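Hi,

Here is the structure I said I would pass on. Have a look at it first, and then read my notes below.

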Amino acid sequence: MCQNGKSFVEITNEKVFDSLPLGIIITDQEGTIALCNKVAEELIGFKKELIEGSPLQDVIPDVTLGNGSFTRIRVRENKSFDESKIISAEVNPISDESEILGYSVVFNRHFLQTEAMPRLRSKDLDRDSDFEIADGAFKNIIGSSKRLLSALKVAAKAAKTSSTVLLQGESGTGKELVAEAIHCASKRCDGPFIKVNCPGIPADLMESELFGHEKGAFTGAIYQKIGKFELANGGTIFLDEIGELDKNLQSKLLRVLQEREFERVGGNRVLKTDVRIIAATHRNLQEMVSFGDFREDLYYRLNVVPIVLPSLRERKEDIPLLVEHFLRKLCIKLGVKSKSITKRAVESLYNYDWPGNVRELENIIERAINLAETDVIDISDLPQGITNRTSETKRPLINLEPDGELASYDDYEKAIIKVALNKYKSFNAAGKALGITHKTVAAKARRYGIIE
């Protein structure tokens, strides 16, 4: 016999059990915990002595005993549950022929580890070790793909400066989220973060919205109004969809960037401002400059630190992480029981092109949560627009069947120009893909009525 009355074999087994990189809990038939290793002890936040002998659901309220059920478990922090720290577990019965003797709960250290996409390895779910999340400001931006991390590295560096930032990316890629993260990680974090949705404000009211107005400045101005730039003093102003700003306001914004001063509408007093500008757009501003739709000098003033956010189809490896994040977030928001999702449903989401990007994915998950009749979301709970499109086989552009009729050359040209613009979103990028100039793309797009 060895120490504490245990045999050499018992001590060896215990050491091996504790040395495993996975957290493991073993229960009896009723779900009372019989064994718990060190990793599980660390993750759960209770001492081993308190865990062993306790009912499993007293220690982990979220867990459900069953065959292979995927479970998301909140981790304890300072004796209370921390909603931001989630691990995953696989619960399986321990059987002797037809009899269930107990259950095993196996989980690991990886944040939101999932088997929904087997092509992902555990190391793929860890953030790049070279990327430090400044004070947790970027923690709400879910993903570990190289394209996303590359953009976030630039954003984290930009947060340490006071330079103007231009966020570029399609609608729904999280530009506002990144802008707020930059603000929160900056020295201005204690100051205001003021958001302005440029296309959401009528052009005739935008100047007043940005710079304020004096009483009596125009019909209806019955009181003095403080503008967004004044409200943002000492902090950050986020100008979303800056490409929609008209030329008159572009020149006034340029003055703010150059001189750090402005006047209220109807006023004659020059007001100084200490504000950092973060602008965002889904449009190609450089192309707008070439067509005379955006001031060149303003473009260069805004484009000091450019950050391009990838579309969801460019970082599809993040889809399983985003799905798990939205499942947890939306189940809490909607006040419903936690739901999981099948592998084939995630596969279907993975194969979709996501024109609406992350915002569209979040909406689809919320819809599935509301419509799913069980706690497991399957492919049948997804919209047909997604499941049908993922299984479509692409037909060739040109009909080469012997008896097939050829369309006119103009029809083919119109089709390929339209496809290129839908895919690449700008004349310049479409032109590069097609091997022609952006001016040619623009001219043909107007000729065929693709754009006005």
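**What I found**

Let's start with the sheet: 5 strands make up an open sheet with parallel pairing, and their order is S7-S8-S11-S6-S12. At the edges stand S7 (193-197) and S12 (305-308); each has a single partner strand, so one side of each has no neighbour in the sheet. From one strand to the next, the twist averages 15°. Do keep in mind that this is a predicted model.

Next, the aromatic rings. A pair of rings is described by how far apart the centres are and by the angle of the planes. The count here comes to 7 aromatic pairs. Take Tyr 352 and Trp 354: their ring centres are 4.6 Å apart and the planes stand at 85°, so this pair is edge-to-face. Tyr 352 is buried, at 7% relative accessible area, and Trp 354 also counts as buried, at 0%. Elsewhere, ring pairs link Phe 211, Phe 229 and Phe 262 into a cluster.

Last, the surface. Ile 416, Val 419, Leu 434 and Ile 436 make a nonpolar patch of about 280 Å². Of these, Ile 416 lies in helix H16 (residues 409-424). Ile 416 has a relative accessible area of 34%, so it counts as partly exposed.

Cheers

Definitions and conventions: Residues numbered from 1 in each chain as written. Predicted model: local features only at pLDDT ≥ 70, side-chain atom pairs only at ≥ 80, totals over all residues. Heavy atoms only, no water. Patch = residues over 30% accessible without salt bridge, like charges linked within 9 Å, V, L, I, M, F, W, Y side chains within 5 Å. Areas by Shrake-Rupley, 256 points an atom, 1.4 Å probe, with all protein chains shown as cover. Salt bridge = Lys/Arg side-chain N within 4 Å of Asp/Glu carboxyl O. Helix = DSSP H or I, 4+ residues; strand = E, 2+ residues; numbered from the N terminus. Buried < 20%, exposed > 50% of the residue type's maximum accessible area, 1.4 Å probe, protein only. Phe/Tyr/Trp six-rings, centres within 6.5 Å; stacked < 30°, edge-to-face > 60°. Pairing = 2+ DSSP bridges. Axes fitted to C-alpha atoms, helices over the stretch in contact; angles between N-to-C directions.
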